[in-house]
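Please walk through this structure, one part at a time.

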Amino acid sequence: MSEEIIVRLQERFAGVTPRESLDWPALNCPVEQWPVLAAALKDEFAYTFLADVTAVDWNEASPRFTVVYHLFSVQKHVYLRVAVDCPDDGEPEVTSVSGLWPTADWHERETYDMFGIRFRGHPDLKRILMWEDYPYFPLRKEFPLAGWETDLPDREVAAATGAKVIGAPMMGGPFVAPHEGPMSEREPRGGDETWTEKNPKPKE
Amino acid sequence: MAEKKEELAYDTKIEGDIVVTKADAAINWIRSHSMWPMPMGLACCAIELMATASSRFDIARFGAEVMRFSPRQADVMIVAGTVTYKMAPAVRRIYDQMAAPKWVIAMGACASTGGMYRSYAVLQGVDRIVPVDVYVSGCPPRPEALLDGLLKLQKKVGRERSLSRLGSVESPRLSPTHA
Ligand code: SF4
């Protein structure tokens with residue numbers, strides 16, 4: 001069942017290649033073929049439901065960003081995963097599919113918000129979780145969990161309170177549980193718990 | 001008619017029914033026993049806040065059952081939940097729109113310190129943007145803990161100079177519209 005769809009797609013779309021997957025069929029699609037492939041998947045292969053749009057940041061590698069789509073066919077009860085590499089590492093961009101699946105609207109906004117990937121043809125591509133002036137893309141690899149200092153979304157409130165968006169005091173975290181060892185010793189913990197925003201982190 | 005007018009003046013017959021007290025004591029007694037909360041329910045702690053308000057724990061026993069969603073009518077803002085940086089200005093503006101005297105309870109770890117959210121998106125304690133009177137620990141605090149916090153706040157109000165609270169706004173006033 002799983003590979004048949006990929007074979008059939010490969011007959012029509014030269015650039016499509018199978019992609020390693022542990023569960024559902026998955027394929028890679030070149031960025032320029034994606035709009036045509038998406039339309040075909042929806043109209044001819046009955047993938048009427050777009051379950052998820054997200055992305056992967058491969059850090060040092062190039063292409064750096066891969067947009068991942070999860071499609072579901074309500075008729076056939078199967079999923080399909082499509083991965084589209086963004087050609088430009090600096091300003092990643094793919095074509096929006098919000099015209100095909102309306103749900104892509106918000107998903108693409110989230111992917112833009114977190115990774116800075118632009119979706120060409122999106123009706124209103126602005127941030128959805130972070131506020132509009134936020135200068136960073138939090139799920140990119142170079143961005144730390146604690147975040148970087150910047151201004152509060154509201155200038156007046158920032159002036160009145162003196163508050164800023166700060167790098168969160170990690171206090172030795174993030175806390176991770178080791179997989180090995182007896183249960184009693186497997187509590188989540190950070191290496192060094194002494195530092196806070198007031199006591200700077202000791203140099204290693 | 002003439003007789004009635006006399007009743008308004010000093011009258012030995014009602015002398016025993018008059019209570020003499022200090023203005024502070026009377027005003028603080030009134031204030032602390034009818035604190036109308038502004039329920040700033042922002043995350044899971046708000047569920048416990050709702051439990052505190054409902055029949056089993058019944059915050060009405062302490063005069064704070066009138067949850068007001070209009071800041072103009074509220075006395076104490078109960079910040080129940082995770083304050084994200086995106087939400088923080090709204091919290092501050094609602095606080096500014098509350099009429100003095102006003103108080104703030106930070107309910108739970110998130111409101112008090114950012115809690116487990118050591119992250120780029122969460123304000124690390126609501127006391128960075130509004131003055132907090134009582135911190136309630138817990139994740140989430142049980143309703144009893146919030147009630148205890150309310151009682152602590154009532155005691156604190158009882159110790160205040162009642163008139164000192166009226167004019168003082170801790171920081172410059174903000175314009176009523178969003179920037
Ligand atoms: S303190 Fe705990 S229960 Fe309360 S809002 Fe934070 S995470 Fe939720």
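The paragraphs below take the sheet of each chain, then some backbone details, then the interface.

The model is a predicted one. Chain A contains an open sheet of five strands, which follow one another in the order β1-β2-β5-β4-β3 with mixed pairing. At the edges of this sheet stand β1 (17-18) and β3 (49-57) of chain A; each has a single partner strand, so one side of each lacks a neighbour in the sheet. Within the sheet, strand β4 (residues 65-73) and strand β5 (residues 78-85) of chain A are joined in the antiparallel sense by eight bridges. One position in this part of the sheet can be given by residue: A:His70 stands opposite A:Arg81 in β5(A).

Helices pack on this sheet. Helix α2 (residues 34-43) of chain A touches β2 (26-29), β4 and β5 of chain A, and its direction makes about 170° with that of β5(A). Helix α3 (residues 104-115) of chain A also packs on the sheet, where it touches β3 and β4 of chain A. The direction of helix α3 of chain A makes about 10° with that of β3(A).

Chain B has an open sheet of four strands in the order β1-β2-β3-β4, and here the pairing is parallel. Its edge strands, β1 (37-41) and β4 (134-136) of chain B, each pair on one side only. On average, neighbouring strands of this sheet are turned by 15° against each other, with direction ignored. β1(B) and strand β2 (residues 76-80) of chain B run parallel and are joined by five bridges. In this pair of strands, B:Gly41 stands opposite B:Ala80 in β2(B). Helix α6 (residues 143-158) of chain B packs on the sheet and touches β2, β3 (103-107) and β4 of chain B. The direction of this helix makes about 155° with that of β3(B).

Several loops carry backbone details. In chain A, the peptide bond between A:Ser62 and A:Pro63 is cis, with omega about 0°. A:Pro63 is placed in the loop between β3 and β4 of chain A. The loop between β4 and β5 of chain A holds A:His77, which has a positive phi of about 60° although it is not a glycine. B:Pro101 lies in the loop between α4 (88-97) and β3 of chain B.

What remains is the interface. How many residues of each chain are in contact with the other chain? Chain A contributes 27 residues, in contact with 19 residues of chain B. The area buried between the two chains is about 1,900 Å², and carbon and sulfur atoms give 65% of it. On the side of chain A, the residues that lose the most area to chain B are A:Glu156, A:Val157 and A:Ala160, which together account for 24% of what that side buries.

A:Asp154 forms a salt bridge with B:Arg93, in which the closest N and O atoms are 2.9 Å apart. Helix α4 (residues 155-161) of chain A supplies the largest share of the side of chain A that touches chain B, namely four residues. By residue type, that side of chain A consists of 21 nonpolar, two polar and four charged residues.

Note on methods: Residues numbered from 1 in each chain as written. Chains lettered and ligands numbered in written order. Predicted model: local features only at pLDDT ≥ 70, side-chain atom pairs only at ≥ 80, totals over all residues. Heavy atoms only, no water. Contact = heavy atoms within 4.5 Å. Buried area = accessible area lost by both parts, 1.4 Å probe. Salt bridge = Lys/Arg side-chain N within 4 Å of Asp/Glu carboxyl O. Helix = DSSP H or I, 4+ residues; strand = E, 2+ residues; numbered from the N terminus. Nonpolar A, V, L, I, M, F, W, Y, C, P; charged D, E, K, R; others polar. Pairing = 2+ DSSP bridges. Axes fitted to C-alpha atoms, helices over the stretch in contact; angles between N-to-C directions.
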